Amino acid sequence: MPTLICDCNQTMPLDPKSLGAALNETLTQHTTLCRREAGAYLQALQSGDEVVVACTQEKRLFTELAVEAKAQVAVLRFVNIREMGGWSKDAKQASPKIAALLAAAHLPESEPVTTVRYQSGGRLLIIGALDAAERAAGLLGEDLDITLLAQGAGQGGGMQERRYPVLSGKIDHLTGWLGAFALRLKRSNAIDLDLCTRCNACLVACPEGAIGLDYQIDTALCKAHRDCVKACGAAGAIDFNRASDTQNESFDLVLDLRATPAFSQHAVPQGYLQWDGRDVAPLLQLRALVGEFEKPRFVSYRQKLCAHSRNEKVGCNACVDVCSASAIVSERDKNQIKVNPQLCIGCGTCSTVCPTGALSFAYPRANEQGTRLKTLLGTYARAGGKHAALLLHSQEAGAGLLGDLGRAARLDADTHGVPARVLPVALWHTSSIGLELWLTAIAYGASQVWVLLTDEEAPQYREALQAQMDVAQAILTGLGYAGQHLRLLHAKDARDLAELDRSLRAQPAQGVNRSATFAVQADKRATLELALDHLVAQAAAKPELIALPAVGSPLGGLAINKDTCTLCLACVSACPAAALQDNQQAPQLRLIEKNCVQCGLCVKTCPEKSLALLPQLRLAPERAQSVVLNEAQPYACVRCGKPFGTLKGIEAMLGKLVGHSMFQGAALERLKMCGDCRVIDIYSADNESRITDL
C-alpha cells in the first residue's frame with residue numbers, strides 16, 4: 001500500500017526515513033504533491049493497491065485526478081498530518097505521532113453491517129402560520145408534494161390563490177421518521193377548508209370580524225349571528241353543527257416553522273427540520289431528502305444480557321435515560337428494551353453506559369476500535385514516542401476545531417497547536433467509546449485519554465461520559481497511577497481555541513511500564529476484565545478494595561442486612577448476570593462479585609429491602625469466587641424431619657398468619673410441614689370437610 005507524504009511547500013518538518021521505518025516502507029518526501037509533483041501521485045495510483053495520501057487539504061483534487069486517470073486503485077485514503085501535528089510548535093518531535101496516524105490509515109475498513117432503509121417520495125408537511133407556510137412552500141419550488149398545516153393566519157394571511165392543500169386543527173400527535181411521519185389532527189372548526197373557495201364572502205358578512213385570512217373562525221369572537229353561513233351559500237363550507245372529528249395523514253418530510261418544535265428530544269427524527277424563516281440551509285436539506293436512503297444499523301442488542309427488568313421491575317434504565325433520540329423504550333412486561341433503528345442516530349452512548357454489553361456499537365465494532373487504538377499506540381511507541389495522550393473527537397465539528405487550531409499555530413506565535421504527544425482519534429460520535437476502551441487504551445500504553453466535546457452532544461451525553469470517567473479515574477488512582485488520566489475538553493468555536501490549546505499541553509499522567517497485548521473482545525465485560533487484570537498487574541499499589549462512585553459504576557458488590565433477610569432467594573431469580581446464586585445443599589445466598597453489574601434489580605426485588613449496592617473494585621481473589629453473603633439454619637418438617645425452608649423464613653410466615661381465621665389449629669400446623677407431608681396430612685385428617693360431602 002503506497003504512502004505519499006508531503007511537507008506542504010516546506011512548511012512542516014518531515015523525516016521520511018524514520019516514518020518509513022515505522023511503516024516498514026520506503027517513503028519519498030514531496031513538497032508540492034498536489035501541484036508540480038502530482039505525477040508521483042498518479043504513478044502510485046497505477047499500482048492498483050490501496051493508496052494513503054497524507055493530505056486532506058486537497059482531498060477533492062486528488063479524488064478528481066484519480067477519476068480522470070481512470071485509476072484502478074482499490075481504496076484511496078487521506079490523513080491529516082499537517083494541522084494535527086506538522087504545524088505545531090513541537091513539530092520536530094512529531095514523527096512518532098505522524099507515523100502512528102499513517103499506520104492507522106493503513107488499517108482495513110470496518111466490516112459491513114446490516115443497513116436501515118428509508119424511502120421518501122417528497123410528501124412534505126409544513127406546520128406554521130399560513131402566510132409563513134405559503135412563503136416556505138414557494139421557496140421550495142415544485143419538486144415536493146406540499147401540504148400546509150395552518151396554525152393561524154399570521155400577519156398577512158393566506159394568498160388569494162390556493163396553491164397548496166391546507167389542513168387546520170390541533171395536532172393530537174406527530175410521530176415517525178423520514179418517509180414515515182404519522183399525523184393525527186383534531187378538527188373542530190366550522191369552516192371546511194376543502195370546500196372553501198376563498199371567495200371572502202364570509203369575512204365581509206361577519207359583523208365581529210371573527211374569521212381570519214386562514215379561513216377559520218375564532219370562537220371567542222363569534223356571537224353566533226350565522227351571517228357567514230348565509231353568505232357561504234352554494235359552497236356550503238360553513239357548518240356549525242359539524243361534529244369534531246379526527247383526521248389521520250402520512251408524510252415523508254416535516255418542516256416546522258413554530259418556535260416550539262413538535263419533537264422535544266435533542267436529536268429529532270431524520271426528515272424533520274425547523275426553519276426560522278432566515279437561514280435557507282434547512283430548505284436545501286429538505287430538497288435533498290427525496291429518494292431511497294440507507295444508514296448502518298449502528299447498535300446490536302442481546303436481550304439475554306440485558307439488566308433492564310425482571311418480573312416487571314426495572315433495574316438498569318441507563319440506555320433509556322441517556323438516548324437523545326428517544327429511540328430506546330422500555331418493554332418492562334417483556335423484560336427488555338426496544339431499539340428503534342429508524343430513530344437511532346448512531347451516537348453509541350447507549351452502548352457506553354450499558355453495564356453488561358447487551359447493547360454494543362456495531363459500526364465500527366469494538367474489536368475494530370481496539371485494533372485501531374493498539375496500532376496507534378504501538379506504532380507511536382516503536383517510533384520512539386513517549387507519554388501518548390489520545391484525543392477522541394468527532395469527525396465533523398471536532399476535526400474542524402483541531403484544523404482551526406493547527407492553522408492558528410502556523411499563523412500565531414502564541415498558539416502551540418496539537419502537541420507531538422497528542423494522538424487525535426476521529427470517531428463517528430465522541431460518546432461511542434466508554435470505560436472499557438478507555439482503560440484498554442491506558443493498558444496499551446496511553447498516558448491519558450481525553451474526549452473533545454462540542455455543541456453536537458446532548459447534555460446527558462456529557463453527564464454520562466463524566467460519570468464513566470469518574471469511575472475509570474477512581475480505579476487508576478486507587479491502583480497508584482499518579483496524575484489525571486481522563487478528562488472532558490469543551491470547545492464550541494474559534495473563541496475557545498486558546499483554552500483548548502492550553503488544555504492540550506497538560507502534563508502527562510503515569511502509565512503502565514509494559515504495554516498490554518490482549519485484543520479487545522466483542523464482549524464488553526470480557527474486555528473490561530482484561531484491561532483491569534493488566535492494570536492491576538502493572539500497578540504500584542494493590543489495595544484490597546477500591547471504592548467507586550455510585551453513579552455509572554458497572555463494578556461492585558452487595559451489602560446485606562442479615563437480620564431482615566429471610567433467604568427467600570427472590571434476588572437470585574431476578575439477577576440477570578448470575579452474580580447471585582443459591583446452594584441446593586443448604587440455605588445460602590452466594591455472590592460472585594466479578595459478575596455483578598450494579599443494575600439494582602436484586603435491591604428492587606427484595607421484599608425485605610435487605611440489599612444495597614456497593615460500587616467498588618475488589619482486588620482480592622475472592623472477587624471471582626462464590627462467596628456466602630448470608631446463610632440460615634434450615635427448618636425441618638415437623639412430620640418427616642426433611643428441611644424445606646429456613647428457620648427465619650418459616651417463623652416470619654407463622655408470625656404473620658397466626659391470627660388469620662383460615663390458619664388455626666391443624667391448618668397452622670401444616671405450615672410447619674414440607675409439601676409432601678402437607679398433602680398427606682390433608683387427605684388423612686378425619687375432621688376435614690371434603691367437596692364430595694357437599
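Mentor: Happy to, and keep in mind that this is a predicted model. Let's begin at leucine 439, which touches Ala472, Ile475, Leu476, Leu528, Ala531, Leu532 and Leu535, leaving aside residues up to four places away in sequence.

Trainee: Which residues touch the most other members of the largest nonpolar core?

Mentor: Leu439 is one of them, along with Leu102, Trp438, Ile475, Leu500 and Leu535, in a core of 83 residues.

Trainee: And where does the largest share of this core come from?

Mentor: From helix H5, residues 95-105, which supplies eight residues.

Trainee: How many residues are in the second, separate core?

Mentor: That one has 37 residues, and among them are Ala150, Cys206, Ile238 and Leu286.

Trainee: Switching to helices, at what angle do H14 and H15 pack?

Mentor: The angle is about 40 degrees, and the axes are 10 Å apart. H14 covers residues 435-443 and H15 covers residues 459-478.

Trainee: What do we call that orientation of H14 and H15?

Mentor: Angles under 35 degrees would count as roughly parallel and 65 to 115 as roughly perpendicular. With about 40 degrees between them, H14 and H15 are therefore oblique to each other.

Trainee: Is their crossing left-handed or right-handed?

Mentor: H14 and H15 cross in a right-handed way. On the H14 side the contact uses Leu435, Trp438, Leu439 and Ile442. H15 brings Leu465, Gln468, Met469, Val471, Ala472, Ile475 and Leu476.

Trainee: How many of those contact residues are nonpolar, polar or charged?

Mentor: Ten are nonpolar, one is polar and none is charged.

Trainee: Now the backbone. What kind of peptide bond joins tyrosine 363 and proline 364?

Mentor: A cis one, with omega about 0 degrees. Most peptide bonds are trans. Proline 364 sits in the loop between strand E20 (359-361) and helix H12 (366-382).

Trainee: What about phi at asparagine 311?

Mentor: Phi there is near 55 degrees, a positive value in a residue other than glycine. Most residues other than glycine have a negative phi. Asparagine 311 lies in the loop between strand E16 (309-310) and strand E17 (313-314).

Trainee: Where is glutamate 312, and what is its phi?

Mentor: Glutamate 312 is also placed in the loop between E16 and E17, and its phi is near 65 degrees, again positive.

Trainee: How exposed are they, starting with asparagine 311?

Mentor: Asparagine 311 is exposed, with a relative accessible area of 57%. Glutamate 312 has 49%, which makes it partly exposed, since exposed means over 50%.

Terms used
Residues are numbered from 1 along each chain as its sequence is written. This is a predicted model: local features need pLDDT of at least 70, side-chain atom pairs count only at pLDDT 80 or more; totals for chains, interfaces and linings use all residues. Side-chain values use heavy atoms; hydrogens and water are left out. Axes are lines fitted to C-alpha atoms, for helices over the stretch in contact, and angles run from 0 to 180 degrees between N-to-C directions. Helices (H or I, at least four residues) and strands (E, at least two) are DSSP runs, numbered from the N terminus. Angles under 35 degrees count as roughly parallel, over 145 as roughly antiparallel, 65 to 115 as roughly perpendicular and the rest as oblique. A crossing is left-handed if the near helix is turned anticlockwise from the far one by less than a right angle, and right-handed if clockwise. Contact means heavy atoms within 4.5 Å. Ala, Val, Leu, Ile, Met, Phe, Trp, Tyr, Cys and Pro count as nonpolar, Asp, Glu, Lys and Arg as charged, and the others, Gly among them, as polar. A nonpolar core is a set of buried Ala, Val, Leu, Ile, Met, Phe, Trp, Tyr and Cys residues joined through side-chain atoms within 4.5 Å. Buried means under 20% relative accessible area, exposed over 50%, partly exposed in between (1.4 Å probe, protein chains only).
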